[in-house]
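I want to go through the helix packing and the chain contact here.

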Amino acid sequence: MIEINGVVFETKSGDFFRRKNKILKNISFQIPANEIFAIIGPNGAGKSTFLKLILNFIRPTSGTIKLSNSISIGFLPENPYYYDYLTLKELLWFSAKSYGMTRSFFSDQLDIIIEKVGLKGHLNKKLRNFSKGMTQRAGIAAAIIHNPELVILDEPMTGLDPLGRKMVFDLIQELKNEQKTILFCSHVLSDVERLCDKVAIMNQGEIKKILTREALVLAQKDMEIIVEASNKAEKLLRESGYQYRFNDSYGSMYVDRSELNSALQYLSANKLTVETIKASNATLENIFYETVKGAYPCGL
Amino acid sequence: MWPLAAITFWEGVRSRVLYGIFLFSLFIMALSFIFVNFFMKDIGKIAVDFNLSAISFAGLLIAVSLSVNLIAKDLEKKTIYFVLSKPISRPCYILGKYAGITLLVLFAYLLLGLLSAITLFLLKSRYGQYFLDFSWMAYLQGIYFDFLKISLLNAVILFFSTFASSSFIVLLFSICTYIVGQSISEVINFLGMEHRTLIINDEIVKYIIDAIKYILPNFGFFDFKIQAAHGMLANWQDIILISGYGLFYIGMLLCLSIYLFSRKELL
């Protein structure tokens, strides 16, 4: 779906002596179709700049970005500002019309989308009277009204209350069920680890780490039970149905706090020795902090 | 392109600035009922000149207040990301914005033209003896040339918007271009350049003025208010020449705007 190869983006700064600043450094990865891919990173990591490259608002200094042929894209910008003299219906009409949607298809889609984003009853209201959360939802509606194959969302949870966040969360899941490809940037790690198939951690213009679905499943478990390494232990952990990892010296079983008791009972029933129980290092939050360590001058 | 042109047109129609401009123009037109009484013999000429000036001034205000913000506001508020993420290419963006503002100016000129025609009709009915030279055709030609002038000014504004960093800079460049373009003919006439009897001997000044004459659009070329006031019709050659000049300049400015905007990094 999207293939990024060695992308570098530089800008020039300074009034007299123009200095080159590397905003993005040698970025390469692929986003397959029907996947939810998130880019996380501290402020100023280059996430939004990267999205602008994909959308061709800026051009890479070197490297290539390939998108599948004639793919339709829906985009939600960060902190969107729309033509506030338009009503929601007119905004969606503009979106639909620019994609060449017919009047009847637009009418059908309008009701579905408005229902999805929870803005029923606000269709004829001017956007200047919308709250920040409502504007965000209007933006999401405008991004998906034409039923795009690729949806790019820049900080979709920004400015939303818990209900709004849940709405966006459910909507992204629904889009995935509809076989859409979703690329989004977010700071809300809990949502990212629950939603995504892959997560790229970006810092200082570089992709530092790409986490796969397996790592993300582990990341959702906040407790780690360490057991001694043996063939029997490995076999039992495999059969247990819990998430686990094994190396030469020990085996780790990853569980939620709610699963802890039953997991311990399982281990004790099978006569496996528990060496330690500790908070998991594999959570996305831990991986994120470890990866972007030193991003801020204050030492964070 | 057309959805963008449509919402640009709506932006103008819903703008309070436009209502202010309309009210101001109506006030000036209404004022002509009183004002013409100061020029008894020339009531007809003054009335036409006064009404055409009101329309021209309204067009200028629309260009200065609305066109200046067309692209600059999209860039400042980052609405451009929303628009260009649609299948709207950058050339279509420029053309859509231009088509929208041109439609708005056309709408304003039709409305103001109608209102000023009512004003002139009432004055003509009251002071018929002073309207002997009056010609509706010349009056319409005056409006048409002025519409062409404002369309050209809008293209100039759009051109500056593609590279200037703020709407204030766009406004400044556009007003300077308009003032120089409006007065360049008079400056050339004053210096006697048309007859090659330069009253100043500095060759460099001559070349600079020559360059300005050819580079900047000559807005004075479109000023037909005096001819319209005297009921003088422009001949077909003039209409074709002036229309061609205006359209050529507009086309050239739009091409340049598209070229510059297509190269712009929207960071």
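How many residues does the contact take from chain B and from chain A? I get 18 from chain B and 20 from chain A, with contact meaning C-beta atoms, placed from the backbone, within 7 Å.

Ground rules: this is a predicted model, where local features need pLDDT of at least 70, side-chain atom pairs count only at pLDDT 80 or more, and totals for chains, interfaces and linings use all residues. Residues are numbered from 1 along each chain as its sequence is written, and chains are lettered from A and ligands numbered from 1 in the order in which they are written.

I noted residues on both sides, including B:Tyr109 and B:Gly113 in H5(B) and B:Phe147 in H6(B). By class, this contact has eleven nonpolar, four polar and one charged residues (Ala, Val, Leu, Ile, Met, Phe, Trp, Tyr, Cys and Pro are nonpolar; Asp, Glu, Lys and Arg charged; the others, Gly among them, polar).

Then chain A: I found H2 (residues 88-98) and H4 (residues 132-144) packing at about 30°, with axes 8 Å apart. H2(A) and H4(A) are therefore roughly parallel (under 35 degrees). A:Leu88, A:Leu91, A:Leu92 and A:Ser95 in H2(A) meet A:Ala138, A:Ala141 and A:Ala142 in H4(A).

Definitions and conventions. Contact = placed C-beta atoms within 7 Å. Helix = DSSP H or I, 4+ residues; strand = E, 2+ residues; numbered from the N terminus. Axes fitted to C-alpha atoms, helices over the stretch in contact; angles between N-to-C directions. Parallel < 35°, antiparallel > 145°, perpendicular 65-115°, else oblique.
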